[in-house]
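Subject: Structure handover

Hi there,

Here is the structure I promised to pass on to you. My notes follow below it, so please have a look at the model first.

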Amino acid sequence: MGCFQSKTTHLPSPDQHPPPPPQINPDLDGNDEQLAVPAFKEFGLAELRAATNGFSSELIVSESGEKAPNVVYRGKLKNNRVVAIKRFSRQSWPNPHQFVNEATGVGKVRHKRLVNLIGCCAEGDERLLIAEYMPNDTLSKHLFHWEKQPLPWEMRLRVAYHIAQALDHCNAENLKIYHDLNAYRVLFDEDGDPRLSSFGLMKNSRDGKSYSTNLAYTPPEFLRTGRVIPASVIYSYGTILLDLLSGKHIPPGHALDLIRGKNLLLLIDSSLEGQYANEDASELVELASNCLQYEARDRPDIKFLLSAEAPLQKQKEVASDILMGLSRTPVVLPTMLSPLGKACARMDLTAVHDILLKTGYKDEEGAENELSFQEWTQQVQDMLNTKKFGDIAFRDKDFKNAIDYYSKLVSMMSVPSGTVFVRRALSYLLIGQPELALRDAMQAQVCLPEWPTVFYMQALALSKLGMETDAQDMLNDGASSEAKKQNGWRV
């Protein structure tokens with residue numbers, strides 16, 4: 001059942017049949033596909049606060065964490081879409097109109113090789129960008145901090161080609177400047193395909209500071225003049241090629257010395273253990289060298305790079321997630337979901353409330369008589385009154401008072417009630433406290449280990465916390481429990 005194993009996956013409707021996971025990569029060229037990406041819009045700050053649990057530090061996905069000047073959060077919108085939300089420092093864009101205008105221009109661009117921008121917010125002092133969420137980390141993580149396996153050679157060639165395709169499309173859309181192109185800007189989607197972050201199409205601030213990386217990796221003309229030109233993007237692309245070749249962040253000057261000295265073995269990532277074609281490696285080294293030329297006019301354009309890299313794509317038929325060894329376990333929806341299970345799957349808290357009201361305490365065997373063995377004292381009468389007031393508050397959707405009464409009841413009861421924990425859990429969800437709701441749902445499972453409702457309530461809380469895969473696991477566990485108990489349990 002494991003509650004805490006993974007963090008992101010979309011939870012489909014139980015009435016839909018999910019497609020099987022892809023085993024091939026039919027469109028490596030990426031020219032034809034229409035993207036199901038929502039239109040760019042302005043978001044309200046309240047919705048983005050809710051999506052990030054008040055910009056919780058636990059939802060930061062920037063690899064520099066809170067130390068980054070512009071922090072990126074994982075968030076979930078009201079429609080359950082998981083997104084990346086970039087929060088700029090307050091001083092970056094003092095003029096809200098300028099920020100919105102820049103963001104809207106970037107938001108018009110759509111391509112399957114880009115992490116597409118879907119919105120922005122400029123409310124009060126806040127400046128935020130909202131983009132698609134990529135669940136499989138950055139190129140930096142896969143190259144420099146890998147755990148299970150180094151990034152395979154064929155995948156490195158695919159990254160180079162996909163990012164060139166993304167830059168070529170940006171050029172076609174007259175967005176010829178990409179700011180601070182580096183391995184952190186390349187992210188992997190749910191299929192393991194590399195994409196270029198759209199955040200880099202927008203300056204980090206009104207003043208246009210374009211490079212936050214070490215000066216050793218900065219284009220020479222930027223150091224001389226402080227200006228970025230289209231050829232500067234090619235230089236930065238060359239540093240990406242170096243990263244792919246070496247598996248390390250090597251300063252371009254040092255890499256060029258190795259290339260000139262023909263010390264290619266010192267340049268190529270030793271973790272590849274020779275699993276690459278020498279001629280392909282030599283070609284990529286040559287392209288990197290050309291991109292890193294000191295004079296901007298001596299660097300190739302992106303069309304040349306695309307034509308040179310296309311012949312290197314020799315495993316087009318193999319899907320990226322297969323090459324990378326990513327786990328692509330298909331989401332198998334439960335074959336049987338009760339009305340409560342379906343309401344939880346679609347995150348319909350109102351329906352869940354109605355069902356729990358109708359169910360009452362009848363699923364808790366012996367609950368009606370749980371006090372019969374106790375001496376009938378004033379204390380017992382107080383417990384019954386507290387339960388009664390809690391149930392009335394719950395019925396009337398006065399969830400804060402319901403929590404207060406149920407909390408008092410829990411402290412008074414010698415035999416814990418799973419139903420009380422479930423009702424308090426839903427009350428916590430409805431006032432925006434999913435962590436406490438998860439705690440109560442787990443307490444309810446201690447009381448009634450095989451009750452389907454406890455699994456469904458955990459699924460709700462986990463989904464609210466952005467832990468979609470774990471929520472799906474809990475839905476499956478609830479459905480399994482229903483199947484086992486369908487003659488004895490009613491939900």
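How many helices and strands are there in the chain? There are 19 helices and 8 strands, where helices (H or I, at least four residues) and strands (E, at least two) are DSSP runs numbered from the N terminus.

Before the details, a word on provenance. This is a predicted model, in which local features need pLDDT of at least 70 and side-chain atom pairs count only at pLDDT 80 or more, while totals for chains, interfaces and linings use all residues. Residues are numbered from 1 along each chain as its sequence is written, and side-chain values use heavy atoms, with hydrogens and water left out.

Of the 491 residues of the chain, 54% count as buried (buried is under 20% relative accessible area, exposed over 50%, partly exposed in between, with a 1.4 Å probe and protein chains only). Taking contacts (heavy atoms within 4.5 Å) between residues at least 6 apart in sequence, 69% join residues at least 24 apart.

Now for some individual helices. H4 covers residues 153-172, and at 1.5 Å a residue its 20 residues should span 28 Å; the end C-alpha atoms are 29 Å apart, which agrees. The expected span here is 1.5 Å times one less than the number of residues. Because 18 of its 20 residues are buried, H4 is largely enclosed by the rest of the structure. Asn-174, which follows H4, has a positive phi near 65 degrees.

Which residues of H15 are buried? They are Phe-399, Ala-402, Ile-403, Tyr-406 and Leu-409. These cover an arc of only 130 degrees around the axis, so they sit on the same side of H15 (the arc is that of the directions from the helix axis to the C-beta atoms). Lys-400, Asp-404 and Ser-411 are exposed on the other side of H15.

Glu-283, Leu-287 and Cys-291 of H9 make the contact with Phe-304, Leu-305, Ala-308 and Glu-309 of H10. By type, the residues of this contact are 5 nonpolar, no polar and 2 charged (Ala, Val, Leu, Ile, Met, Phe, Trp, Tyr, Cys and Pro count as nonpolar, Asp, Glu, Lys and Arg as charged, and the others, Gly among them, as polar).

Finally, a few single residues:

- Asn-53 is not a glycine, yet has a positive phi of about 50 degrees. It lies in the loop between helix H1 (45-51) and strand E2 (71-76), and is partly exposed at 35% relative accessibility.
- Asp-137 has a positive phi near 70 degrees, and sits in the loop between strand E6 (126-132) and helix H3 (139-144).
- Asp-321, in helix H11 (residues 320-324), is buried at 1% relative accessibility. Asp-321 and Glu-190 are 131 residues apart in sequence but 8.3 Å apart in space, C-alpha to C-alpha.

Best wishes
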